[in-house]
Amino acid sequence: MTQSSRDRAPAGEPAGDRVSPRDVPAAERLLLGGRLAIEGRLVQASNATLYCTVELDGVSAACVYKPVAGERPLWDFPDGTLAEREVAAYEVSKTMGWGTVPPTVHRDGPYGPGMVQLWVEPDPDIDLVALSRSDDDAIRRMAVFDAVVNNADRKIGHLLPPGDGLVYGCDHGVCFSVEYKLRTVLWQWRGKPLTSEAVEALTRVDRALRDGPLAARLAELLTGEEVNATRRRVELMLKHRIHPYPPEDWPAIPWPPL
């Protein structure tokens, strides 16, 4: 279940001043230090996914809280690691400089530690299927980001276009596998040359993974083997300068794709 494929959010609009996902420092401060109030649950989600408001010093926002205690075991990912993988994906997004993932933190909450992510309300007038098949620059950035984090579940419903030209992505709990598991609906650029913008973003990630803060941050969230695999994926993309091809021994498209 994704933010965009849900029914309308539960009643209880956050009061007070709002915070934008573009204002990263303010959003992170609010998510880390604010008081979480649970408003409802996204009932179709495979893991416990709670719709909340968060408030700090008169500033408030809607957010998603996924407690570790509510994660279902997966055969191909270690138990209790999905929340940290969501935060790791956000850290990579920040380093790339594209704002692909809404501000996301790891913190304690009403049901224990978990992931808390700023809620992004998608524009209901945007056709997500058409957007996912388009040549939109923001969607192409998403495809590059997914290749870096080895996203095993990029569905159409994971795309969150608020209508301001950006497209955010959500649900990154099954990323960073050591094995190549890229599974996505965004294959329209497979084998095509990377843009100069993508090369610049990948270069930033490469440097940050070698001697920058990203290496230290990912080491707190992932295993050493997973961090090394991320570094190798970035190196390969910079070496060949093309969008990756689908894996040969793994389903290329998630099911259901929506």
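In the predicted model, the buried residues of helix 7 pack against helix 2, helix 4 (137-149), helix 5 and helix 6 (213-221). These buried positions of helix 7 are Glu 226, Val 227, Ala 229, Thr 230, Arg 231, Arg 233, Val 234, Met 237 and Leu 238. Helix 7 itself covers residues 224-240, and its 17 residues should span 24 Å at 1.5 Å a residue; the end C-alpha atoms lie 25 Å apart, which agrees with that expectation. Just after the helix, Arg 241 adopts a positive phi of about 55°.

The largest nonpolar core contains 47 residues, of which Val 92, Met 96, Val 144, Phe 145, Phe 176, Leu 202 and Leu 218 touch the most other members. Two or more residues of this core come from each of helix 2, helix 3 (128-132), helix 4, helix 5, helix 6 and helix 7. The greatest contribution, 9 residues, is made by helix 4. With its neighbours within four places in sequence left aside, Leu 202 is in contact with Val 144, Val 148, Leu 194, Val 234, Met 237 and Leu 238.

An open sheet is formed by 5 strands in the order 1-2-3-5-4, with antiparallel pairing. Strand 1 (35-41) and strand 4 (104-107) each have a single partner strand and stand at the edges, so one side of each is left without a neighbour in the sheet. From one strand to the next, the twist averages 35°.

Strand 5 (residues 114-118) pairs with strand 4 in the antiparallel sense over 4 bridges. Within this pair, Thr 104 stands opposite Gln 117 of strand 5, and Arg 107 has Gly 114 of strand 5 as its bridge partner. The hairpin of strand 4 and strand 5 has 6 residues between the strands, and Gly 112 in this hairpin takes a positive phi near 95°. Strand 5 also pairs with strand 3, again in the antiparallel sense, over 5 bridges; here Cys 63 has Leu 118 of strand 5 as its bridge partner. Since 5 of the 5 residues of strand 5 are buried, this strand is largely enclosed by the rest of the structure.

Helix 1 (residues 24-33) lies across strand 1, strand 2 (50-56), strand 3 (59-67), strand 4 and strand 5, and runs at about 25° to strand 4. Helix 2 (residues 82-96) also packs on the sheet, where it touches strand 3, strand 4 and strand 5; the direction of helix 2 makes about 145° with that of strand 4.

The side chain of Asp 171 makes a polar contact of 2.8 Å with the side chain of Lys 66.

Definitions and conventions. Residues numbered from 1 in each chain as written. Predicted model: local features only at pLDDT ≥ 70, side-chain atom pairs only at ≥ 80, totals over all residues. Heavy atoms only, no water. Polar contact = N/O pair within 3.5 Å; in protein donor to acceptor, adjacent residues only side chain to side chain. Pairing = 2+ DSSP bridges. Axes fitted to C-alpha atoms, helices over the stretch in contact; angles between N-to-C directions. Contact = heavy atoms within 4.5 Å. Expected span 1.5 Å × (residues − 1). Buried < 20%, exposed > 50% of the residue type's maximum accessible area, 1.4 Å probe, protein only. Core = buried A, V, L, I, M, F, W, Y, C linked by side-chain atoms within 4.5 Å.
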